[in-house]
Amino acid sequence: MTITVLPEMPAGADELSVWPASTTPLPHGGLAVGGVPLGEIADRFDTPAYVLDEGEVRGRCRTYRDAFPDADVLYAAKAFLSRAMVRWVSEEGLGLDVCSAGELELAVTAGFPAERIVLHGNAKAPRDLEAALRLGVGRIVIDGPSEIARIAAAVGPEGRQKVMVRVVPGVSAGGHDKIRTGTDDQKFGLSLTDGGAQHAIARILGQPQLELTGLHCHIGSQISDVKPYLVALRRMVGLMARVRDAHGVVLPELDMGGGHAVAYRPGDPALDLTALARRMRAELVAGCAAAGLAVPRLAVEPGRAVVGPAGVVLYRVLAVKRTGATVFVAVDGGMSDNPRPALYGVRYAPRLIGRTATAPPCTATVVGRHCEAGDVLAADVELPGDVHPGDLLAVPVAGAYQLSMASGYNLVGRPAVIGVHGGTARLLVRRETLDDFRQRDVGA
């Protein structure tokens, strides 16, 4: 679909600060992303719909490559994965980390080189390991003691698989308790504090089928401060020095994970990527020099920071209800296509598009259509006081952990994903339909 963009209309820079860089104001309250008016996308592809700006994704990949020129940048597939996303990430020179056979198979069948893929997971199923070994993934990150023997046995006496150890460095960071993964009170990794990581490393070094290439850690998500990464890095370098002293092995790789915060609303804190890259590199070089270690190859794993700000979700208003002092604006999606507000209490900034509002603003709560009181997409947000059924709402920063965490609740069906670039819109992932539900239900 190719369009002619209408003349630009003035809008405050702050107002669009969390939208894709290609976002352009149009007359009568419209917005275009990637050169395509969002209203036209809603009319053509229906709603709810996820709009993904290819140029924004590619630009963010390049920003990471420029910030970390001497490191491996691996896109975290769990944030969002599709065949198009696999192609964009691959063409921009990033690696990939996956958490399941499903993500792995999709990536490889879409043409991504298996040797540039890392497999994660705190509880890898047999099919996950089988797919990883069959396809030849570059690294498997060992998350617990039982995986050591399982992977070695699956590799077989003549094989050899490169592995890393996920270490819990004892650093608390992240935007919510449920996304803090750097301390001992959660399910991931092997503890540095109780010696679990050191014991696992010794066992791996005794397995001829396994080649330990380095250490891995991931301390949490939505982290806006550089300091926790530096503390974790310091502890990881200390462990690498102890591995050398105890076993005579110098590990060549260090993966510091991701979790880099993005702003969901104007004024929200975001991680300074340039500062992170500069200070991590300086800390790594200084720490290795003090320990007498060769500097390992660094890796980082951004997911949300690559795809989150590239996405916009479109909803159609179904109902407006005033209950006491609260205005509820119900839309045609909800927690089935975005469970994050219910899970983590995240906040978004929805915007009316497609018409110029004449009424003064009011404070409203945008809710979904599902049979749950917790189905709230955006509480206490400012919308025009004349918002009504049929209006189109757009929510920016919708590219990560929304559709990837979607469910089949109430059999509503997951939305379509529309890619936009250079004035053209195309379907990337089709909408889930009633036929899909019927075909899966094979009982009688």
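Ala, Val, Leu, Ile, Met, Phe, Trp, Tyr, Cys and Pro are counted here as nonpolar, Asp, Glu, Lys and Arg as charged, and the others, Gly among them, as polar. By these classes, the second largest pocket of this predicted model is lined by 22 nonpolar, 4 polar and 7 charged residues. The points below describe that pocket, the nonpolar core, and selected strands and helices.

**The second largest pocket**

- The space within the second largest pocket amounts to about 660 Å³.
- Its lining comprises 33 residues, of which Glu15, Arg351, Leu352, Glu382 and Pro384 are the closest to the pocket centre.
- Strands β16 (351-353) and β18 (376-384) each contribute at least two residues to this lining.
- The greatest contribution comes from β18, which provides 5 residues.

- Strand β17, spanning residues 361-367, is mostly covered, with 5 of its 7 residues buried.
- On the β18 side, β17 is joined by 6 bridges in an antiparallel arrangement.
- Within this pairing, Cys362 has Leu383 of β18 as its bridge partner.
- Strand β15 (residues 326-331) runs parallel to β17 and is joined to β17 by 4 bridges.
- Here Val327 has Ala364 of β17 as its bridge partner.

**The largest nonpolar core**

- In soluble globular proteins, nonpolar side chains tend to be buried together.
- The largest nonpolar core in this model holds 134 residues, and those touching the most other members are Leu38, Phe68, Tyr75, Met85, Leu215 and Leu314.
- Helix α8 (residues 227-247) supplies the largest share of this core, namely 11 residues.
- Leaving aside residues up to four places away in sequence, Leu314 touches Leu38, Ile41, Ala42, Thr47, Pro48, Ala49, Val51, Ile353, Leu392, Leu393 and Ala394.

- In helix α3 (residues 83-91), the buried residues are Ala84, Met85, Val86, Trp88 and Val89.
- Met85 is also among the core residues that touch the most other members.

**The three-stranded sheet**

- Strands β1, β2 and β3 form an open sheet of 3 strands in the order β1-β2-β3, with antiparallel pairing.
- At the edges lie β1 (24-25) and β3 (36-37), each of which pairs on one side only.
- Strand β2 (residues 31-33) is connected to β3 by 2 bridges, and the two strands run antiparallel.
- Val33 has Val36 of β3 as its bridge partner.

Conventions:
Residues numbered from 1 in each chain as written. Predicted model: local features only at pLDDT ≥ 70, side-chain atom pairs only at ≥ 80, totals over all residues. Heavy atoms only, no water. 1 Å grid on protein atoms, 1.4 Å probe; cavity = no way out; pocket = protein on both sides within 12 Å on 5 of 7 lines; lining within 4 Å. Points joined across faces, edges and corners; volume = space filled by probe spheres on them. Pairing = 2+ DSSP bridges. Core = buried A, V, L, I, M, F, W, Y, C linked by side-chain atoms within 4.5 Å. Buried < 20%, exposed > 50% of the residue type's maximum accessible area, 1.4 Å probe, protein only. Contact = heavy atoms within 4.5 Å.
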